[in-house]
Amino acid sequence: MAARTVRRFHRTGTPHTDWCARDHRCGINEHRSADLIAAALGGRAVITRVRAGDTEYAEIRARIPLHSNENAARWQLAAALRLMRHLLDTVAVRPGALRSRTERLALGTARR
Ligand SMILES: [Zn+2]
């Protein structure tokens, strides 16, 4: 009878955060918030706050109905990409991005 060797990996988990869902959405080293949902005009966008190891980020998923006309659909995709770039530019972490905790920047008002 051959000996059977099983390698066991042991990973140390990280504690839940104050904001994570504390349920099946969390993994051993990744913590996820409840989904924040915005819906309008048949579209839907979901933002989830995630901490993976030492990195924390916002995960954004969106479902945007596209027009049946190919040119219109391509215009929609181009507009969505342009606005996503603007979103990234607006919310990117920069030193001094927010002067105080109460200051909130709106889209289109990013400080350079
Ligand atoms: Zn968690």
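**Figure 1. An overview of the chain and its elements.** Of the 112 residues in the chain, 12% are buried, where buried means under 20% relative accessible area, exposed over 50% and partly exposed in between (1.4 Å probe, protein chains only). This is a predicted model, so local features need pLDDT of at least 70 and side-chain atom pairs count only at pLDDT 80 or more, while totals for chains, interfaces and linings use all residues. Residues are numbered from 1 along each chain as its sequence is written, and side-chain values use heavy atoms, with hydrogens and water left out. The chain has one helix and four strands, in the order β-β-β-β-α along the sequence; helices (H or I, at least four residues) and strands (E, at least two) are DSSP runs numbered from the N terminus. Among contacts between residues at least 6 apart in sequence, 11% join residues at least 24 apart, a contact being heavy atoms within 4.5 Å.

**Figure 2. The zinc site.** Here you can find the zinc ion with its four ligands: His16 (ND1), Cys20 (SG), Cys26 (SG) and His31 (ND1), at 2.1 to 2.4 Å. Donors are N, O and S atoms within 2.8 Å of the metal (3.2 Å for Na, K and Ca), and since water is not among the atoms, sites may look incomplete. Along the chain, the donors follow the spacing H-x3-C-x5-C-x4-H. For reference, the ideal angle for four tetrahedral donors is 109.5 degrees. Cys26 is buried, with a relative accessible area of 14%.

**Figure 3. A closer look at His31.** This zinc ligand sits in strand 1 (residues 30-32) and is buried, at 2% relative accessible area. Its side chain makes a polar contact of 2.9 Å with that of Thr14. A polar contact is a pair of N or O atoms within 3.5 Å; within protein, one must be able to donate a hydrogen and the other to accept it, and residues adjacent in sequence count only if both atoms are side-chain atoms. Beyond its neighbours within four places in sequence, His31 has contacts that include Pro15, Trp19, Arg49, Val50 and Arg51.

Figure 4. Not counting residues up to four places away in sequence, Arg32 touches Cys20, Cys26 and Arg61, among others. Thr55, in strand 4 (residues 55-63), is partly exposed at 47%. Thr55 and Glu30 are 25 residues apart in sequence, with their C-alpha atoms 9.5 Å apart in space.

**Figure 5. Helix 1 from end to end.** The 22 residues of helix 1 (residues 70-91) should span 32 Å at 1.5 Å a residue, and the end C-alpha atoms are 31 Å apart, which agrees; the expected span is 1.5 Å times one less than the number of residues. Asn69 caps the N-terminal end, with a side-chain oxygen 2.9 Å from the backbone nitrogen of Asn71. The buried residues of helix 1 are Ala73, Ala79 and Thr90. Seen down the axis, these buried residues fall within an arc of 120°, so they line one face of the helix; the arc is that of the directions from the helix axis to the C-beta atoms. On the other side, the exposed residues include Arg74, Leu81 and Arg85.
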